[in-house]
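This report describes how one protein chain is arranged. It begins with a sheet and then turns to the domains and the interface between them.

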Amino acid sequence: MNIRRGIATLAVAAISLTTLAACGNSSAQDEDNPDSLSFWYYEEEDAGQTQAWKKAAELFEKETGVSIKFERKSFTQIAQNGSQFLNSDEAPDLMESNRGNGSAGVLSTMGLLTDLGDYVDQYGWDKKVTGSNAETAKYDENGIMGGDTWYGMSSYAEFQRVYYNKDLFAKYGIEIPTTYDEFVDACQKFVDAGVTPIAADAQEYGVMWLWWQLVSKNADSTFMNNWHLYKGKVDWNSKTLTNATETIGDWLDKGFISKNATGMKAEDTTQAFIKGEYPIYQTGTWNQGRFAKQIDSFDWTAAVMPESEYAVGCAGNLLVIPERSKHKDLSAKFIDYVLSDEVQNYLGNAGGIPVAADPDKITDEKSKAMIEEYNSYASANKLSYYPDYAASSLTDAIPASFQELVNGTKDTTAVLKDIHSKYDSGVEEMGFSN
């Protein structure tokens, strides 16, 4: 039962894996006195975590004289081709990697990521990144998250919130919802007024995230453990799944979500919300720093969809050190700067969610509210991750299913059946069964 069976799905079967040096805190591969470290990432420039990484880079260069060469890639580039780059001479010194079994988990089983255990002990990172925030950074021998080996380090957290344009709500005399029924009622009132309420893209992940938040609203720990950790069979006839899928179909029929979503990407919906075109937008908190900087024509507020048992999200994407990095010790030192009190507190005031900040140092009120809301879910182990973490193929497969629902080429029953089939085949390709 080994995740290596899933490597073919990442289009790397033809790549011959070379014998890589033992991981850990050895400096055998470190070159003397480099001018810079290469760091690949894919966050938006205005994102709080990007600002924090660059703040850490300033402090790091001041002490070491080594600069961080930031190279922004797209999420797709790293998700689809990261394994090939990491197994070549083009591997960076540091990289942002998506979390989950199908991403960091697969890379760890391929021997492409450095075991950070020695660095964790050296710097005491396990005293800063704990509980739910540590789960997606550690993997077992099969690449399943929540294991014993640190293959990455979370420097921030993220979750899905519903962002509300308060000015549009006031314009149409609608209250910001505090219950789920009020949320649905508000959407209907906007439709009655000729306004499409929810910004959601179907070309990428927006509709999928809405669906998973609806799943998370009524899910329990057994469902989540079965879905993500293969602890039991996923009940595909459960109300948790059927109601969420039917609700997305209902919202499309009622005009809560525009049929134009089929041609929209995440950047389209984000820009539309920033311009004040939609009253409601569920998106990740990675956008909160951007909203704080770019929205100046209306007031906004945000919270997890009302009455949700779980929040969609978890500790943020991982900082990993490729096994082929030539500067492992310096790369780990940079990660330690990212986790420093100064940088973590800076992140909290820049619109991000720190994993090791002093709450008393967070002075921005909207940031503080976001951090407190995240902590309320994380401390109760009520984070549902993302639905595609269970298998590498699902990142493309689930959105494709929902695009057919938006297009009208499949109904909700067929879409859920399609997701069921893709989930089962994806998990099987990972070397498991469910």
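## The sheet

In this predicted model, strand 1 (residues 36-41) pairs with strand 2 in the parallel sense, and the pairing runs over six bridges. Strands of a sheet pair through backbone hydrogen bonds, and the pairing can be parallel or antiparallel.

## Two domains

The domain assignment divides the protein chain into domain 1 and domain 2, each given as two segments. Domain 1 covers 36-155 and 316-357, while domain 2 covers 158-312 and 385-430. Between the C-alpha centres of the two domains the distance is 28 Å.

## The area between the domains

The size of an interface is often expressed as the accessible area that is lost when the parts come together. For domain 1 and domain 2, the buried area is about 1700 Å², and carbon and sulfur atoms give 54% of it. Three residues, Asp-46, Arg-99 and Met-145, supply 27% of the area that domain 1 buries against domain 2, more than any other three residues.

Counted by residues, 22 from domain 1 are in contact with 23 from domain 2.

Which residue forms a salt bridge with Arg-99? The partner is Glu-158, with the closest N and O atoms 3.3 Å apart. The count of salt bridges between the two domains is two. Across the interface, seven residue pairs are in polar contact.

On the side of domain 1 that touches domain 2, the elements giving two or more residues are helix 1 (48-64), helix 2 (75-86) and helix 3 (101-109). Helix 3 gives the most, with three residues. By class, this side of domain 1 has seven nonpolar, 10 polar and five charged residues.

Conventions. Residues are numbered from 1 along each chain as its sequence is written. This is a predicted model: local features need pLDDT of at least 70, side-chain atom pairs count only at pLDDT 80 or more; totals for chains, interfaces and linings use all residues. Side-chain values use heavy atoms; hydrogens and water are left out. Domain bounds come from an automatic or database domain assignment. Contact means heavy atoms within 4.5 Å. Buried area is the accessible area (1.4 Å probe) that two parts lose on being put together, summed over both. A salt bridge is a side-chain nitrogen of Lys or Arg within 4 Å of a carboxyl oxygen of Asp or Glu. A polar contact is a pair of N or O atoms within 3.5 Å; within protein, one must be able to donate a hydrogen and the other to accept it, and residues adjacent in sequence count only if both atoms are side-chain atoms. Helices (H or I, at least four residues) and strands (E, at least two) are DSSP runs, numbered from the N terminus. Ala, Val, Leu, Ile, Met, Phe, Trp, Tyr, Cys and Pro count as nonpolar, Asp, Glu, Lys and Arg as charged, and the others, Gly among them, as polar. Two strands pair if DSSP finds at least two bridges between them.
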